[in-house]
Amino acid sequence: MSQLPLSNNLLEQAKNLLKKKKINEALRLCHKANLICPESDKAIDLSINIYSASKRFPEAISWLSKRLAEYATPWRAAVLIDLLRIDKASKEDLETAARKYLAIYPDSPELLLSAGAAFQSIGKIDDAIRIYEKRLEIIPDDAGVINNLGHCRLDRGDMEGALAEWRRIFSMPAPKHIQDTARFNLARALLLRGDIMAAESECNILCQEYPDNAAYTGLRAKIRARYGQRPEAIIEAREALEKDRGDVASWLRLVKLTGESGDLEGAFGLLEQA
């Protein structure tokens, strides 16, 4: 008889314990559920969520590695790679894990996504591009991967390729937040290329739709500065800072613009506040 109902019952108990902030008790029930039904990913998923929410990544990595050795699946391998990347494992460990499981599950969409992100994070850009492109052969409309691919192409020096990837997202039924991210990336890349008017056009769309977003307002301040509109740039840099006072980039941008305007006293004052 399948032990899945008993395992699921333990997981429901664990969820109730989580509501009461009884983290370790919930984890013990998750681990027990996994022992009862090791082939089910439900206990793995809840356990990893608990470990991650508590920032206990080394414990999560150690526990999942054992579960993966007992009963391997591409999803579990992908989660392990993600945990290693989030926990900032050494480049060697992360690359070793990614290559190991890619060899075992070369056509798994889940594994390809995690391995691509792993290689991207350690600067193995050509590997990341190759893996992302293979993922897109399986899931062509994955806008998140296309967005990542844009970053990879830009990192490799292929500006036109990066712009093409981000523009490609606009013609897809992509989630709104990914379209917004692609537009933000596009605007920044256009500014980097020196196409200020095009960058401003894309940035204005974001600022009109999200007037309280500090990152978008900050980018428009940067565009104003490139135009030589320093007073307007300072005003918008201050607005960006008011929207998110913890944004280090906004502080530095405002200090730089204030100093360049000749107000050195004001710039030093901002540094003291930071």
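How many helices and strands are there in the protein? There are 16 helices and zero strands. Keep in mind that this is a predicted model. The protein has 274 residues, and buried residues make up 46% of them. Now the contacts with a separation of 6 or more. Residues 24 or more positions apart account for 46% of those.

Let's start with a pair of helices. Two packed helices are described by the angle between their axes and the distance between the axes. Here the pair is helix 5, residues 74–86, and helix 7, residues 109–121. They pack at an angle of about 20°. Their axes are 8 Å apart. Angles under 35 degrees count as roughly parallel, and helix 5 and helix 7 are therefore roughly parallel to each other. The crossing of helix 5 past helix 7 is left-handed.

Which residues in helix 5 and helix 7 meet? From helix 5, we have Pro74, Trp75, Ala77, Ala78, Ile81, Asp82 and Arg85. On the helix 7 side, they meet Glu110, Leu111, Ser114, Ala115, Ala117, Ala118 and Ser121.

Next, a single side chain. Arg67 lies in helix 4, residues 57–70. Is Arg67 buried or exposed? Buried, because its relative accessible area is 10%, and the cut-off for buried is under 20%. The Arg67 side chain makes a polar contact with the side chain of Asn34, at 3.4 Å. Set aside neighbours within four places in sequence, and Arg67 is in contact with Asn34, Ile44 and Arg76.

On to helix 12, residues 196–209. It has 14 residues. From first C-alpha to last, helix 12 reaches 20 Å, close to the 20 Å expected at 1.5 Å a residue. Its buried residues include Ile196, Ala199, Cys203 and Leu206. Glu200, Glu202 and Asn204 are also among the buried residues of helix 12. What covers them? The cover for the buried residues of helix 12 includes helix 11, 176–193, and helix 13.

That brings us to helix 13, residues 214–227. Its 14 residues should span 20 Å at 1.5 Å a residue, and the end C-alpha atoms are 20 Å apart, which agrees. Ten of the 14 residues are buried, so helix 13 is largely enclosed by the rest of the structure.

Look at both ends of helix 13. At the start, a side-chain oxygen of Asn213 reaches to within 3.0 Å of the backbone nitrogen of Ala215. Just after the helix, Gly228 takes a positive phi of about 90°.

Definitions and conventions
Residues numbered from 1 in each chain as written. Predicted model: local features only at pLDDT ≥ 70, side-chain atom pairs only at ≥ 80, totals over all residues. Heavy atoms only, no water. Helix = DSSP H or I, 4+ residues; strand = E, 2+ residues; numbered from the N terminus. Expected span 1.5 Å × (residues − 1). Buried < 20%, exposed > 50% of the residue type's maximum accessible area, 1.4 Å probe, protein only. Polar contact = N/O pair within 3.5 Å; in protein donor to acceptor, adjacent residues only side chain to side chain. Axes fitted to C-alpha atoms, helices over the stretch in contact; angles between N-to-C directions. Parallel < 35°, antiparallel > 145°, perpendicular 65-115°, else oblique. Left-handed = near helix turned anticlockwise from the far one by under 90°. Contact = heavy atoms within 4.5 Å.
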